[in-house]
Amino acid sequence: LRATEVGIERFGMTGHERAILYQLAIETGLRAGELRSLCRASFDLDGAAPSVSLPARDTKNRTATRLELTRPMRDTLAGHLMNKLPTAMAFNLPPSTHTAEMLRADLLDARTNWINAAKADLKERKRRSDSTFLAESDDVGRVLVFHSLRHTRGVWLFQHHRATPTEVRELMRVGSLQLVDRYTRSFRVTDDKLVHRGPDLGPAAPDGAAEAS
């Protein structure tokens, strides 16, 4: 996002606008077509619970939806949409055939900056160049597309928000828990304290011991 923010104009979008677009896509899980349909009036940024709404005709499952926004996202959008009329499009997205190309170009800029940050440390520079971090495809052949931002949202709901499968289904707007499984496949347990969160199954204290303590 930092690299994109200061990036050159691509497909009629400034780097600043693209950075907001990517951030909104990750924070909401909205698909490219849904993002393309948004106008200024789609956003409620003035209330206690800022949100973005789509009518049924603009969603994949043909169900009207309202998604709450974080306050930092609200503040960012307020600046971006400040001078737009209610019917003006929120983002100047390119045709669907170019959204992945646009994202990959920004990813390449970010990767190049990251590699160059190693400067004269040749060993570290080689390590970064040989890695797949910020690369268009990873070491098992998975390729980045614009929809990958939605996938990131689904995985992060589990990993960072500690959401339940039912909550993920609701927020990602999918029809069944079976479809939620696509996000659990990318989830990796990183909290080694997880095993200590369960109830204590040790021997019960003798009668009266709890009161004595």
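Predicted model: local features only at pLDDT ≥ 70, side-chain atom pairs only at ≥ 80, totals over all residues.
Trainee: Let's start with the overall layout. How many helices and strands are there, and in what order do they run?

Mentor: The chain has 10 helices and three strands. From the N terminus the order is α-α-α-β-β-β-α-α-α-α-α-α-α.

Trainee: How much of the chain counts as buried?

Mentor: Of its 213 residues, 35% do. The cut-off for that word is under 20% relative accessible area.

Trainee: Then why is Thr-4 called buried?

Mentor: Thr-4 has 5% relative accessibility, and buried means under 20%, so Thr-4 counts as buried. You will find Thr-4 in helix 1.

Trainee: What is Thr-4 in contact with, leaving aside neighbours within four places in sequence?

Mentor: Its partners are Gly-15, His-16, Arg-18, Ala-19, Tyr-22 and Asp-106. Asp-106 is itself one of the buried residues of helix 5.

Trainee: Which residues of helix 5 are buried, and which helices do they pack against?

Mentor: The buried ones are Thr-99, Ala-100, Met-102, Leu-103, Asp-106, Leu-107, Ala-110, Arg-111, Trp-114 and Ile-115. They pack against helix 1 (2-5), helix 2 (15-28), helix 3 (32-37), helix 6 (122-130) and helix 7 (148-159). As you read along that list of residues, keep a general point in mind: an α-helix has 3.6 residues a turn, so residues three or four places apart point the same way.

Trainee: What makes a group of residues a nonpolar core, and how many residues has the largest one here?

Mentor: The members must be buried, of a listed nonpolar type, and joined through side-chain atoms within 4.5 Å. The largest such set has 29 residues, and Phe-43 and Leu-77 have the most contacts inside it. Helix 2, helix 3, strand 2 (51-54), helix 4 (71-81) and helix 5 each supply at least two of its residues. The largest share, six residues, comes from helix 2.

Trainee: Which residues does Leu-77 touch, not counting those up to four places away in sequence?

Mentor: Leu-77 touches Ile-20, Leu-24, Phe-43, Leu-45, Leu-69 and Phe-91. There is also a second, separate core of nine residues, including Val-155, Leu-157, Val-168 and Val-180.

Trainee: Back to helix 2, then. At what angle do helix 2 and helix 4 pack, and how far apart are their axes?

Mentor: The angle is about 145 degrees, and the axes are 11 Å apart. Helix 2 passes helix 4 in a left-handed crossing. On the helix 2 side the contact is made by Glu-17, Ile-20, Gln-23, Leu-24 and Glu-27, and on the helix 4 side by Met-73, Thr-76, Leu-77 and His-80. By class, that gives four nonpolar, three polar and two charged residues.

Trainee: Why is Glu-27 called partly exposed?

Mentor: Partly exposed lies between the buried limit of 20% and the exposed limit of 50%; Glu-27 has 24%, so Glu-27 falls in that range. Leaving aside neighbours within four places in sequence, Glu-27 is in contact with Thr-70, Met-73 and Arg-153. Its C-alpha atom is separated by 9.4 Å from that of Trp-156, 129 residues apart along the chain.

Trainee: Where does His-147 lie, and is it buried or partly exposed?

Mentor: His-147 is in the loop between helix 6 and helix 7. At 41% relative accessibility, His-147 counts as partly exposed. His-147 and Gly-29 are 118 residues apart in sequence, and their C-alpha atoms are 8.7 Å apart in space.

Trainee: Finally, what makes the phi of Phe-11 and of Leu-134 worth a note?

Mentor: Phe-11 has phi near 50 degrees, a positive value in a residue other than glycine. Leu-134, also not a glycine, has a positive phi of about 65 degrees. Phe-11 lies in the loop between helix 1 and helix 2, and Leu-134 in the loop between helix 6 and helix 7.

Methods:
Residues numbered from 1 in each chain as written. Heavy atoms only, no water. Buried < 20%, exposed > 50% of the residue type's maximum accessible area, 1.4 Å probe, protein only. Helix = DSSP H or I, 4+ residues; strand = E, 2+ residues; numbered from the N terminus. Contact = heavy atoms within 4.5 Å. Axes fitted to C-alpha atoms, helices over the stretch in contact; angles between N-to-C directions. Left-handed = near helix turned anticlockwise from the far one by under 90°. Nonpolar A, V, L, I, M, F, W, Y, C, P; charged D, E, K, R; others polar.
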